[in-house]
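I am keeping these notes while I look through one model. I want to write down what I looked up and what I found.

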Amino acid sequence: MTDTPVIIAVAITGSVPRKADTVAVPVTPAEQVESTHEAFEAGASLVHVHVRDDAEGPSSDIDRFALVLEGVRRHCPGMIVQFSTGGRGRDYDERIAPLTLKPDMGSLATGTVNFPTSIYPNPPDFVERLARTFQAQSVKPEIEVFDLSMLYTAIRMSEEGLIDGPLHVQFVMGIRNALPARREALDFMVAELARLAPDATWTAAGIGRAQRVLHDWALEQGGHLRTGLEDNIRLDRNTMASSNADLVRVAADACRARDRRVATAAEARRILCLPPHAAAVA
Ligand code: ZN
């Protein structure tokens with residue numbers, strides 16, 4: 001339905017899976033750069049990054065973010081680096097701080113949502129402060145839509161000049177207590193986005209078993225894909241993914257099965273209206 005190449009984003013680590021869950025999850029910066037490089041070679045053009053502490057817990061260590069940024073820029077030419085501003089147990093100042101390293105992108109959740117056993121807090125004053133930081137640092141946000149209201153909030157904020165366009169939105173489905181992986185819900189949100197922000201781009205991320213389902217729906221609807229061990233650690237019910245690259249290959253196969261081409265990093269930058277080359281790491 002579209003000739004636009006497909007961006008495959010890889011969420012390499014997240015804040016949940018531990019080595020005890022899968023040895024494939026990269027937790028040290030060196031492991032993260034290595035895993036990203038394999039994923040890049042398999043077709044990923046964007047990497048979504050969380051960092052961990054020595055006990056594998058969620059961390060906001062800016063030095064670790066810097067190591068990953070530097071390593072990916074050295075080993076994966078042109079790849080888009082996106083930092084998470086979420087992560088469990090991190091305070092608001094800590095969540096904002098890594099944006100000062102000027103990654104290409106960062107995540108921007110525009111509302112609060114329940115997760116399976118916790119709350120993901122994004123109160124209005126924090127969302128506005130985060131949005132203003134993205135503008136001040138010239139970092140492009142990826143709007144994280146965990147619930148329908150977050151889509152409308154993002155569009156209002158862009159109308160108010162708090163988020164620079166064109167918007168890039170990620171619909172996240174399959175998290176208990178948030179949006180289920182329902183085709184009707186995705187189609188409605190995609191249609192609303194097209195009506196209200198016609199120049200926007202979008203990605204769909206499915207959690208667990210929903211990962212592959214969302215690939216198919218996004219490909220049918222002209223969206224981009226997210227995969228990676230943050231969202232799903234299995235290839236199928238009985239098989240663990242051996243690496244992030246393993247999951248990227250599944251996503252790339254889904255593209256080819258629908259005659260959609262996988263975007264190079266340079267193409268991904270053009271589609272997302274990012275500068276053609278990453279800035280050098282200071
Ligand atoms: Zn994340």
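**Entry: the cavity.** The model is a predicted one. I started with the empty space inside. A probe the size of a water molecule, rolled over the atoms, shows where empty space is left. I looked up what lines the largest cavity: I7, A9, L46, E142, H168, Q170, T203, H224 and L272. Its volume is about 40 Å³. How many cavities of 30 Å³ or more are there? The count comes to one. I then sorted the lining residues by kind, and found four nonpolar, four polar and one charged.

**Entry: helix α1.** Next I looked up helix α1, which covers residues 29-42 and has 14 residues. From its first C-alpha to its last it reaches 20 Å, close to the 20 Å expected at 1.5 Å a residue. Which residues of α1 are buried? I noted P29, Q32, V33, S35, T36, A39, F40 and A42. I checked this list against a general point: an α-helix has 3.6 residues a turn, so residues three or four places apart point the same way. Both Q32 and T36 are on the buried list, as are A39 and F40.

I also looked up what the buried residues of α1 pack against. The strands are β1 (8-11), β2 (46-49) and β3 (51-52). The helices are α2 (62-75), α8 (244-257) and α9 (265-271). Just after α1 comes G43, which has a positive phi of about 125°.

**Entry: aromatic pairs.** I searched the whole structure for aromatic pairs and got six. One of them is F65 with F83, a tilted pair with 4.6 Å centre to centre and 50° between the planes. I looked up their burial, and F65 and F83 are both buried.

I then took the pair F115 and F146. The ring centres are 5.3 Å apart and the planes are at 65°, so this pair counts as edge-to-face. The cut-off for that label is over 60 degrees. F115 lies in the loop between β7 (113-114) and β8 (119-120), while F146 lies in the loop between β9 (140-145) and α5 (148-159). The pair therefore ties together parts that are 31 residues apart in sequence. F115 and F146 are each buried.

**Entry: the backbone.** Last, I looked up backbone angles. Is the peptide bond from G165 to P166 cis or trans? I found it cis, with omega near -10°. P166 is in the loop between α5 and β10 (168-173).

Two residues other than glycine went into my notes for a positive phi. E56 has a phi of about 75°, and its place is the loop between β3 and β4 (58-59). Is E56 buried or exposed? Its relative accessibility is 18%, so E56 counts as buried, because the cut-off is under 20%. K102 has a phi near 55° and is in the loop between α3 (92-96) and β6 (105-109). With a relative accessible area of 43%, K102 is partly exposed.

Note on methods:
Residues are numbered from 1 along each chain as its sequence is written. This is a predicted model: local features need pLDDT of at least 70, side-chain atom pairs count only at pLDDT 80 or more; totals for chains, interfaces and linings use all residues. Side-chain values use heavy atoms; hydrogens and water are left out. Helices (H or I, at least four residues) and strands (E, at least two) are DSSP runs, numbered from the N terminus. The expected span of a helix is 1.5 Å times one less than its number of residues. Buried means under 20% relative accessible area, exposed over 50%, partly exposed in between (1.4 Å probe, protein chains only). Contact means heavy atoms within 4.5 Å. On a 1 Å grid over the protein atoms alone, a cavity is a set of points where a 1.4 Å probe fits but cannot get out, and a pocket is an open set with protein on both sides within 12 Å along at least five of seven lines; lining residues have an atom within 4 Å of a point. Grid points are joined across faces, edges and corners, and a volume is the space filled by probe spheres set on the points. Ala, Val, Leu, Ile, Met, Phe, Trp, Tyr, Cys and Pro count as nonpolar, Asp, Glu, Lys and Arg as charged, and the others, Gly among them, as polar. Rings of Phe, Tyr and Trp (its six-membered ring) pair if their centres lie within 6.5 Å; planes under 30 degrees apart count as stacked, over 60 as edge-to-face and the rest as tilted.
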